[in-house]
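Please read the points below with the model open beside you.

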Amino acid sequence: MKQPAAVLGVGQTRHRSKRTDVSIAGLCREAADRAVASAGLALADIDAVVVGKAPDLFEGVMMPELYLADALGAVGKPLLRVHTAGSVGGATGIVATSLVQAGLHRRVLALAFEKQSESNAMWALSIAPPFSIPVVAGAGGYFAPHIRAYIRRSGAPSHIGALVAVKDRRNGALNPYAHLQQGDITLEKVLASPMLWDPVRYDETCPSSDGACAVVIGDSDAASVAPGPVAWIRATAMRSEPTMFAGKDHVNPAAGRECVAALWRQAGITDPLNEIDVAEIYVPFSWYEPMWLENLGFAAAGDGWRLTEAGETALGGRLPVNPSGGVLSSNPIGASGLLRFAESALQVMGKAGAHQVPGARVALGHAYGGGSQFFSMWVVSSQPM
Amino acid sequence: MSQPLAESAPLRAPLEIEFDYTRSLGPVLSQFMAALAERRILGARGADGRVHAPPFEYDPMTAEPARELTDVGPEGTVISWSWMPDPLAGQPLAEPFAWALIRLDGADTAMLHAVDAGSAAAMRTGLRVRPRWAARPAGGIRDIACFEPCDGPAGAAAGAATAQDIGTERTPGMTITPVRLRYLHTASPGESAYLRGLAAGRLLGQRCGVCGQVYVPTRGTCPADGVTMTEEVELPESGTVTTFCIVNVGYPGQRVTPPYVAAAVLLDGADIAFQHLVLGCDASEVRMGLRVRAVWGEAGGISHFTPTSEPDALYETYARSL
Amino acid sequence: MSADVAVVGFAQSPCRVREDATTSGVEMLVPIFAEVFRACGLTRRDIGFWCSGSSDYLAGRAFSFVSAVDAIGAVPPAMESHVEMDAAWALYEAWAKVLTGEAEIALAYGFGKSSGAELRRVLALQLDPYLVAPLWPDSVSVAALQARLGLEAGRWTEKDMAEVAARSRAEARSNPDAQVSGSVTAAELLARPYVAEPLRAHDCAPVGDGAAVVIIASAARARELCERPAWISGFAHQVDSGSLGARDLLAVPSAAGAASAARAGSVELAELHAPFSHQELLLREALGLGEDVAVNPSGGALCGNPMFAAGLARIGLAARAVMSGRASRALGHATSGPALQQNLVCVLSGEAS
């Protein structure tokens with residue numbers, strides 16, 4: 001019933017704090033043009049377009065896919081716009097994949113973007129409705145208490161978050177598209193950076209970026225005529241849970257655990273740490289690396305930090321995590337999830353350039369959003385199932 | 001002591017969202033807006049041979065970027081119109097005016113803009129119109145303030161621009177678009193009941209009839225089961241800090257100067273923690289398990305939580321509510 | 001055929017201005033979820049995939065759809081997604097999911113509280129952000145421009161528009177969920193003043209709040225859940241250019257294209273998402289609906305238009321007509337964007353393929 005699907009091409013923009021050289025359409029086209037070109041195609045070869053982005057308030061454009069129809073070559077074609085909070089980039093990739101797996105289209109363009117410099121991300125994330133009295137603003141204030149809870153539960157030493165920040169920023173310096181280029185960052189510098197929401201420091205926090213990412217997904221026939229290697233989509237999974245409910249585990253959310261369980265089952269993976277060659281996971285605050293390593297089953301509960309501390313998540317380690325620099329190096333909110341999916345595909349296609357994990361065959365792409373409640377993930381491979 | 005929730009009208013309040021969006025125009029629209037400041041209007045030729053004014057950035061037919069821009073108008077012909085008897089906030093004119101699709105001379109497509117015709121009777125398809133330029137161009141589409149009938153008196157800002165007229169406020173390649181929207185926000189029945197309770201000095205929660213969990217604040221629907229909760233539970237003012245962070249960064253509208261503690265507080269008898277402030281001690285003294293009690297504000301509602309002298313709660317008693 | 005998917009349930013809340021409803025949609029959704037589950041003999045745990053449609057800008061809040069997740073009881077975690085579009089497109093995403101085999105039963109829901117927003121102004125933000133939106137052309141005025149083009153081209157008269165409104169209101173008398181209904185003649189309507197010449201109040205959908213839900217199931221499950229499932233024999237959507245001035249506003253190629261891709265063929269009944277009276281006339285033509293087709297027996301969007309749920313409701317109503325035996329082939333249409341820019345067609349049939 002389900003048709004095989006593969007990533008034929010990937011494109012992304014140079015992510016920056018402000019892309020004042022382009023319009024919103026121009027930002028999207030930069031990624032879309034690169035994606036179709038890398039697949040050896042033109043926009044005219046695309047059968048359907050799926051756009052994903054975070055709240056419309058960031059750019060002040062309602063339902064921007066309507067404005068973008070012309071720019072994306074979507075006139076006369078099916079066009080969808082997905083919005084699942086921070087996980088939206090991942091959801092966009094999964095919806096596009098479903099359209100191919102359902103046999104509805106041959107080639108689908110998934111595009112996710114954010115041009116959040118047109119407003120202010122902190123403002124957009126912090127608009128309080130009447131009757132509510134905000135205690136913190138922004139994502140950092142929301143997640144910091146859960147990070148504290150993780151540190152308490154796991155007994156992790158206090159510098160683990162800083163180790164992740166150093167690793168991801170140095171990886172970002174190998175990625176010409178990454179917003180933050182901090183090849184000379186050190187542990188000392190991170191530990192000396194201001195504490196924003198204790199226990200989260202400035203250098204352990206993602207930037208606010210303008211950027212876009214596009215992925216062309218095709219069926220078997222399209223993959224067979226692709227000019228270069230493709231990334232076969234072996235499994236996809238999405239799970240959601242409420243923002244708050246009595247007994248919710250904010251540190252190791254059930255939705256994440258059940259999502260990855262379904263994913264590994266679908267992909268036929270029983271020993272993730274050994275079977276996954278590289279993982280691009282959504283880490284907007286550095287401590288989420290050890291937290292997600294546990295949630296994803298790469299480490300037992302309470303032990304994720306040990307993988308980080310041992311250097312196993314660095315390039316050259318057992319499980320390189322975020323060789324692209326991750327969300328800590330670039331965070332156009334709507335695009336960040338698709339960037340994880342795209343970077344995982346680039347790895348198994350052998351197209352990750354200076355941040356390539358040698359011999360990567362099977363990779364994980366992961367995104368999350370909301371109050372640790374929306375999860376979308378995929379497993380890609382250089383070989384079909 | 002549990003009683004059913006009383007029926008009462010939900011609380012409502014206005015909500016305004018406003019921001020001045022700073023938009024970058026990109027190469028094509030930058031040219032268009034720069035020309036507007038010089039009182040020229042540009043169009044783009046499409047793959048179908050039609051001149052599009054205003055220009056497209058990407059051709060609707062081929063998705064190719066616009067290449068060459070060409071002067072059109074500035075006069076044009078109304079090809080459709082509608083009447084706006086009570087202009088809305090932000091629209092080009094405060095007095096009644098016409099919206100129109102205007103095909104500028106030399107263009108094959110229409111531009112949507114306003115026509116200051118004075119009355120609906122003065123509007124007709126086929127009317128010849130010309131732009132009324134803004135006195136001081138700001139680098140956006142509103143540098144055309146509106147259109148006016150050609151056969152009317154020449155407005156103050158007609159004809160080619162003089163050096164004095166070309167504004168200096170605009171940043172090339174950028175435009176600022178204010179967006180102001182007003183809403184009437186309605187609190188849920190559960191939220192309204194909670195706020196009314198606070199005003200009466202009571203902390204109200206609800207117990208879900210399916211899972212038996214006690215939620216505070218009252219919210220009406222159990223998120224785990226998707227059912228309406230009707231059983232009201234009054235909660236004491238005492239509770240436990242399950243987890244927290246120390247906020248060092250400011251933001252607009254913040255009530256308390258950093259550093260301060262934002263904590264998850266689990267009231268005794270509740271099954272879920274909620275976010276609040278912990279004040280009355282040094283931020284560094286706050287810890288997971290700290291016992292606290294509510295401090296009521298002068299304006300009603302809880303101002304913050306403050307430590308009591310009780311020994312810390314055991315981790316097991318609140319570990320589920322981190 | 002194993003690829004067959006059918007609508008097995010539909011419910012909508014009554015369209016009206018609701019003082020008790022919030023922009024999270026929960027108050028409107030909980031009762032209609034209960035209704036449709038009762039009718040199908042299902043519980044929330046039977047749903048393999050949930051997909052919703054709603055808009056932050058309508059709600060005035062970023063991430064406004066997140067609160068609606070409270071209504072679905074996502075504990076244990078659910079497979080769930082969301083489109084920032086009318087829920088008709090959420091149903092499309094759900095249909096694709098069922099076709100992949102990842103879910104056997106899927107639920108699409110949509111909701112909107114238009115009465116809390118300045119709807120006419122909010123929708124201006126759908127227009128080109130550089131060239132048009134800064135002028136704040138409201139949605140009624142944009143529709144009025146399209147209506148006049150048709151009047152001047154001789155495609156319809158103001159009387160034709162009033163007749164659509166009069167007929168719709170008369171039909172809506174038998175629809176308990178309609179916001180507006182009644183017995184009125186076109187002549188009486190024409191005597192009323194313009195609100196945005198050439199549009200009068202009756203030419204525009206009322207502003208109201210509402211929600212809708214549709215449940216679909218794969219073939220094996222559909223036959224268990226419903227005596228006469230409404231089989232989805234075609235489902236397609238397309239978008240036209242965002243440039244109002246470059247597009248021929250009297251042609252709706254995306255509607256014609258969607259109908260063709262959905263292999264609509266001939267249908268007995270059609271529920272068209274036409275929030276303006278002239279748009280029903282445009283869509284009839286674009287979709288090739290003859291005089292013999294019963295159009296909008298519910299009264300259509302002109303009699304009740306809960307934003308982001310109205311398109312889904314059209315599909316639900318068309319499906320209900322098939323499930324009740326009233327029609328053997330019916331069409332549900334949804335639109336998005338200004339002046340019918342984007343269109344979706346879902347064809348329901350009493351026969352599996």
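1. Domain 1 of chain C and domain 2 of chain C bury about 3100 Å² between them, with 62% of it on carbon and sulfur atoms. Buried area is the accessible area (1.4 Å probe) that two parts lose on being put together, summed over both. C:L250, C:H278 and C:C303 supply 21% of what domain 1 of chain C buries here, more than any other three residues.

2. This is a predicted model, in which local features need pLDDT of at least 70 and side-chain atom pairs pLDDT 80 or more, while totals for chains, interfaces and linings use all residues. Residues are numbered from 1 along each chain as its sequence is written, chains are lettered from A in the order in which they are written, and side-chain values use heavy atoms, without hydrogens and water.

3. In chain C, domain 1 covers 2-117 + 206-349 and domain 2 covers 119-203; such bounds come from an automatic or database domain assignment. The domain centres, taken over C-alpha atoms, are 22 Å apart. In the contact (heavy atoms within 4.5 Å), domain 1 of chain C has 39 residues and domain 2 of chain C has 34 residues.

4. Two salt bridges are counted between the two domains; each pairs a side-chain nitrogen of Lys or Arg with a carboxyl oxygen of Asp or Glu within 4 Å. The side chains of C:E280 and C:R167 form a salt bridge, at 3.0 Å from N to O.
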